[in-house]
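Biologist: I have a model open and some questions about its fold. Can you take me through it?

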Amino acid sequence: MTVVTSISSLAERFRVEFELGSADTDDVLAVRSLLDAALLDVEGIESRIESGDVLTASADGRIVGVIVLDPAADATHIAGIAVQRRRRGNGIGGALVRAATDRGRLTAEFDERVLPFYESLGFAIDPTGGDGRYRGVLDTA
């Protein structure tokens, strides 16, 4: 019992609280840094921020997660999603995707290493070819 209480107390102590919101022009550097750290090349960050297509997760006054959206007529494409490495596994990425679902149907293209993430969110996933890439669709209706 003491071990369970100790583990529970430890988990509670490291519980991550974060706030979701839209990025603003002051966030360009932080957004770029997160995307660069995740090795994601997303163009037009400034214009995407101005049009409201970049959502962020903040903790302790710092941006710790970002999702960049590319709206289209039939769906909104996830152009990139990144969470600080030490903050991963705390629901930040999932919360960003869920926040984007108010825009309707979501699509994403990704590689095998993040397949479990998209599966856990309920995306219908198909391989795009023999190159280890996948396409996911999340219908929100």
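Biologist: In which loop is L39 found?
Modeller: This is a predicted model, where local features need pLDDT of at least 70, side-chain atom pairs count only at pLDDT 80 or more, and totals for chains, interfaces and linings use all residues. Residues are numbered from 1 along each chain as its sequence is written, and side-chain values use heavy atoms, with hydrogens and water left out. Helices (H or I, at least four residues) and strands (E, at least two) are DSSP runs, numbered from the N terminus. On that numbering, L39 is in the loop between α2 and α3 (45–50).

Biologist: Is L39 buried or exposed?
Modeller: Buried means under 20% relative accessible area, exposed over 50%, partly exposed in between (1.4 Å probe, protein chains only). L39 has a relative accessible area of 78%, so L39 is exposed.

Biologist: What is the phi of L39?
Modeller: Most residues other than glycine have a negative phi. L39 is not a glycine, yet its phi is positive, near 60°.

Biologist: Which loop holds D60, and what is its phi?
Modeller: D60 sits in the loop between β2 and β3. With 70% relative accessibility, D60 is exposed. D60 is not a glycine, but its phi is positive, about 55°.

Biologist: Is T56 buried or exposed?
Modeller: T56 belongs to strand β2 (residues 54–59). Contact means heavy atoms within 4.5 Å. Beyond its neighbours within four places in sequence, T56 has contacts including E19, V31, V66 and L96. Its relative accessibility is 5%, so T56 counts as buried.

Biologist: What is the strand order of the sheet?
Modeller: Two strands pair if DSSP finds at least two bridges between them. The edge strands, each pairing on one side only, are β1 (19–22) and β6 (124–127). The twist averages 25° from one strand to the next. The sheet is open, has seven strands with mixed pairing, and its order is β1-β2-β3-β4-β5-β7-β6.

Biologist: How many bridges join β3 to β4?
Modeller: A hairpin links the two, β3 to β4, through four residues. V66 stands opposite A82 in β4. Strand β3 (residues 62–71) runs antiparallel to β4, and the bridges number seven.

Biologist: Which residue in β5 is the bridge partner of H77?
Modeller: Strand β5 (residues 106–111) runs parallel to β4, with three bridges between them. The partner of H77 in β5 is T107.

Biologist: What is the handedness of the β-α-β crossover from β4 to β5?
Modeller: View it with the strands pointing away: if the path from the first strand over the helix to the second runs clockwise, the crossover is right-handed. Here the chain goes from β4 through α4 to β5, and the crossover is right-handed.

Biologist: At what angle does α4 run to β3?
Modeller: Axes are lines fitted to C-alpha atoms, for helices over the stretch in contact, and angles run from 0 to 180 degrees between N-to-C directions. Helix α2 (residues 28–37) lies across β2, β3 and β4, at about 85° to β3. Helix α4 lies across β1, β2, β3, β4, β5 and β7, and its angle to β3 is about 35°.

Biologist: How many residues of α4 are buried?
Modeller: Helix α4 (residues 92–100) is mostly covered. Among its buried residues are I92, L96 and A100. Of nine residues in α4, the buried ones number seven.
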